[in-house]
Amino acid sequence: MAEGNKNNTIKSILKLRDEARLEIYDKARQLDDQLETLKDIGYSRPLNNAETALLKKINAAKGSLYSAENELVLMTVVALDKSAEVTRFINVVNATNKDLKSKLNDVGAIAEKIKKLDALLQKVTAVVTGLTKLLPLLA
Amino acid sequence: MRIVWRRLCVIAPCAVLLGACAASDFSKPVTDFSDAAKKAATSLTDYEKTLDQAAVDANISYALGHPSALRYPRGDCIQGAKRCRLIIRGEGGNEINLDPGPVDPRIRGAMAAVVSYVDNLKAIVTADNAAAIKSASDAAAASAINFAKAVDGYNAQKRSGAEKLEPQVSALAAPVSAALTYGLTQYAETIKVQALRRATTAMNQAMPEFMTIAGTVADSGLTSKRNQLASAFDNANSAFIEGVSAVAAARTKKKEKTDKGGDDDGTLPEIDRGKIVAFQNAAQAYDASLQLNASQIFSDLAEAHDNLTKAINEPEISLDEFAAILQRVVEGASKLNDISKSLQTASTKK
């Protein structure tokens, strides 16, 4: 999954993530059980050196599990980014945006077409006016 | 009849038949949806930044364990070089940048395209073509009158005895211009409403899947933030256990001393109050992060788009219902942003 295989679907990517997450959470629970035992000891008597060392070791192990989950979610996002579903969505949204812009231009062009008609009328008017001025000279 | 009435009431300004709807009738729902989508996109960006940083942190952690893997490419970072980049060289010789850049460039591009999509929808519903069409039609009518005057002038010069054109054109110009304006405005509205229908229908098919992806990205970013807070909680927890143990040790020592006839000042060693406060603060920050659902706003946004599509294509849903969903998205995004900032503050306190 880390390589973000293009054949992976969202469903398969999320399934892999969920399975790996469950394993991580299961290990976290085991560590927490050990931590609770140590806590009970610490509340009743001073922890000895070995127990203090174990406390640090458990915390370090929990830290590794956080890192593992961080890495897992990061790889999940990388894999999703390369999925065919994202490609499909990009194609749909780009095509839709293109169509909307084109229709907006079409609508804007209606007034432009009337303006062209107006310009044509003005040109013809100018020609007729010119011809009118020429008539006395031709007579 | 009641059903028909309810349907007609849904998009209030939308005229009796669906085909007579104007794009501007959808202005409010489209604008509201656009605002909500942009807020969701901002939330996503926040989580993506967290993931980018997590990727850099992971590489730095690797470099801590494998210092010799931290290099720079040959030719980089020397006098005359064009670049200076740090890379991690793996055992197989593969190289990656210490800062790999955005973790999800295509998803970011897709979300940016969604923002463009809502901007385009908004542009369609807010475009005021009627004013431009009226102005152009009025100008063309005035030109037609001028043309008639010119023809009349020409005929008079020729002494053709032809009937004057200008009064006839002047009489017709205003109603023809009004009819032209009305007809073309209706035509423009038809194009716009059809464009809205086609766009929302196409996007509605793809939106739920992409919103699942966006929700997963947000959830991943939240996981990364949450684990920082979990780690801060563990440290506070350990400090508390060690503090309790130290108090137990001090009490044992004192008891041994008094048992041997030493002075007893009547006090008992107690755990430092600051350790309990720190433990409580760490628990509260972690608890707040555990109660967040980062992906919810994206599934809400997909649902809101579905309702928007229905409202535009076949107004079956109540706009009140639609507004309630959008409100959830906006509030969710604001809440995430607020909590995200407080998480940032809490995690830097560790």
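In the predicted model, B:Asp234 and A:Lys62 are both buried (under 20% relative accessible area, with exposed meaning over 50% and partly exposed in between, for a 1.4 Å probe and protein chains only). The two residues form a salt bridge in which the closest N and O atoms are 3.0 Å apart (a salt bridge being a side-chain nitrogen of Lys or Arg within 4 Å of a carboxyl oxygen of Asp or Glu). This pair crosses between chains, joining helix α5 of chain B, which holds B:Asp234, to helix α2 of chain A, which holds A:Lys62. Helices are DSSP runs (H or I, at least four residues), numbered from the N terminus. As the model is predicted, local features need pLDDT of at least 70 and side-chain atom pairs count only at pLDDT 80 or more, whereas totals for chains, interfaces and linings use all residues. Residues are numbered from 1 along each chain as its sequence is written, chains are lettered from A and ligands numbered from 1 in the order in which they are written, and side-chain values use heavy atoms, with hydrogens and water left out.

The size of an interface is often given as the accessible area lost when the parts come together. Chain A and chain B bury about 5600 Å² between them, with 71% of this area on carbon and sulfur atoms (the accessible area, for a 1.4 Å probe, that two parts lose on being put together, summed over both). On the side of chain A, the residues that lose the most area to chain B are A:Asp81, A:Phe89 and A:Leu100, which together account for 12% of what that side buries. The contact (heavy atoms within 4.5 Å) takes 62 residues from chain A and 72 residues from chain B.

Across this interface, 6 salt bridges are found. A salt bridge also joins B:Glu242 to A:Lys56, with the closest N and O atoms 3.2 Å apart. The elements of chain A that give two or more residues to the side touching chain B are α1 (10-44), α2 (49-81) and α3 (84-138). Of these, α3(A) provides the largest share, 33 residues.

Over all chains, the structure holds 26 salt bridges. One network of salt bridges links A:Arg17, A:Asp18, A:Arg21, A:Glu69 and B:Asp219. Within chain B, the side chains of B:Asp46 and B:Lys225 meet in a salt bridge at 3.8 Å, N to O. Because B:Asp46 lies in helix α2 (residues 27-65) and B:Lys225 in helix α5 of chain B, this pair ties together parts that are 179 residues apart in sequence. B:Asp46 is partly exposed at 24% relative accessibility, whereas B:Lys225 is buried at 4%.

B:Asn129 lies in helix α4 (residues 129-158) of chain B and is buried, with 10% relative accessibility. Its side chain makes a polar contact with that of B:Lys192 at 2.9 Å. Apart from neighbours within four places in sequence, B:Asn129 is in contact with A:Val107, A:Gly108, B:Ala188 and B:Lys192.

Definitions and conventions: Polar contact = N/O pair within 3.5 Å; in protein donor to acceptor, adjacent residues only side chain to side chain.
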